[in-house]
Amino acid sequence: MRLLFVGDVVGGVGRRTLRALLPELREQHAPDFVVVNGENAAGGVGITRRTADELFEIGADVITLGNHTYRHRDVYAYLDEHDAIIRPANFPAGQPGHGSCVVERNGIRLGVVNLSGNLYLKAGRAAFPEADAQVERLQGRVDHVLVDMHAEATSEKIGMGWYLDGRVTAVVGTHTHVPTADGRVLPRGTAYITDVGMTGPRGGVIGVKREQALEALGTQMPVKFDTSEEDPWLMGVLITASQPMRADAIEQILQAAPA
Ligand SMILES: [Fe+2]
Ligand SMILES: [Fe+2]
């Protein structure tokens with residue numbers, strides 16, 4: 001099983017970067033599955049029907065989300081209607097959408113679970129008991145499980161990696177938009193990384209135009225943010241596995257968009 005997970009796609013520049021680089025990444029790495037975090041796909045914050053359709057059309061098998069899930073109302077019904085787009089499972093149960101899905105490719109069944117951290121993010125319910133519930137739900141129905149742990153704090157993400165080690169194929173962190181250097185397979189076989197990074201402009205401040213971010217930081221006043229277009233990169237990880245629920249390797253993919 002070969003799985004490409006792509007970190008938070010930021011705005012049009014992120015979608016264009018994914019479109020430009022995915023064909024060559026497919027050729028190079030032959031992934032069975034492509035899972036894309038899309039929480040910043042529409043104008044840098046949230047996702048819309050149109051941008052979700054576009055990510056599927058570019059080649060995402062599954063879209064995961066995060067704290068910006070409900071920024072655009074037009075996607076609420078879409079989240080209920082489409083299986084392969086998921087929002088954190090530990091959001092309140094009454095909110096639109098669902099927190100996990102199963103997709104099948106090349107005879108392999110992949111379960112994908114989205115979770116939100118509880119530190120500095122409003123998730124509604126605790127991530128750790130929800131992780132147990134989701135793993136239990138998927139048991140026997142899938143060959144592999146990927147968990148996107150969308151969280152601010154490194155501690156919560158590392159904790160989730162250890163918590164699920166041996167029970168899922170991979171736990172990947174998202175949300176900070178900055179890739180970490182700790183990708184590894186944990187002792188019981190779960191591939192782990194604290195943050196995959198983003199697919200978006202490195203020239204800004206985690207996606208936002210540099211001058212606007214600096215103005216907000218310097219004045220401590222509200223500033224309207226636009227997505228930077230400068231120096232877009234694709235940031236992701238490739239996870240490979242030859243046995244169910246056990247990863248062989250996790251490899252970072254950090255690649256500049258073609259000029
Ligand atoms: Fe994000
Ligand atoms: Fe986020």
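Mentor: Happy to! Let's begin with a term: donors are N, O and S atoms within 2.8 Å of the metal (3.2 Å for Na, K and Ca), and because water is not among the atoms, sites may look incomplete. This is a predicted model, where local features need pLDDT of at least 70 and side-chain atom pairs count only at pLDDT 80 or more, while totals for chains, interfaces and linings use all residues. Residues are numbered from 1 along each chain as its sequence is written, chains are lettered from A and ligands numbered from 1 in the order written, and side-chain values use heavy atoms, without hydrogens or water.

Our part is the site of the iron ion (ligand 2). Four residues coordinate this ion at 2.1 Å: E39 (OE), N67 (OD1), H150 (NE2) and H175 (ND1). Along the sequence, their spacing reads E-x27-N-x82-H-x24-H.

Because E39 sits in the loop between strand 2 (33–37) and helix 2 (49–58), and H150 in strand 7 (residues 144–150), the pair ties together parts 111 residues apart in sequence. Helices (H or I, at least four residues) and strands (E, at least two) are DSSP runs, numbered from the N terminus.

Both E39 and H150 are buried, meaning under 20% relative accessible area (1.4 Å probe, protein chains only).

Notes. Buried < 20%, exposed > 50% of the residue type's maximum accessible area, 1.4 Å probe, protein only.
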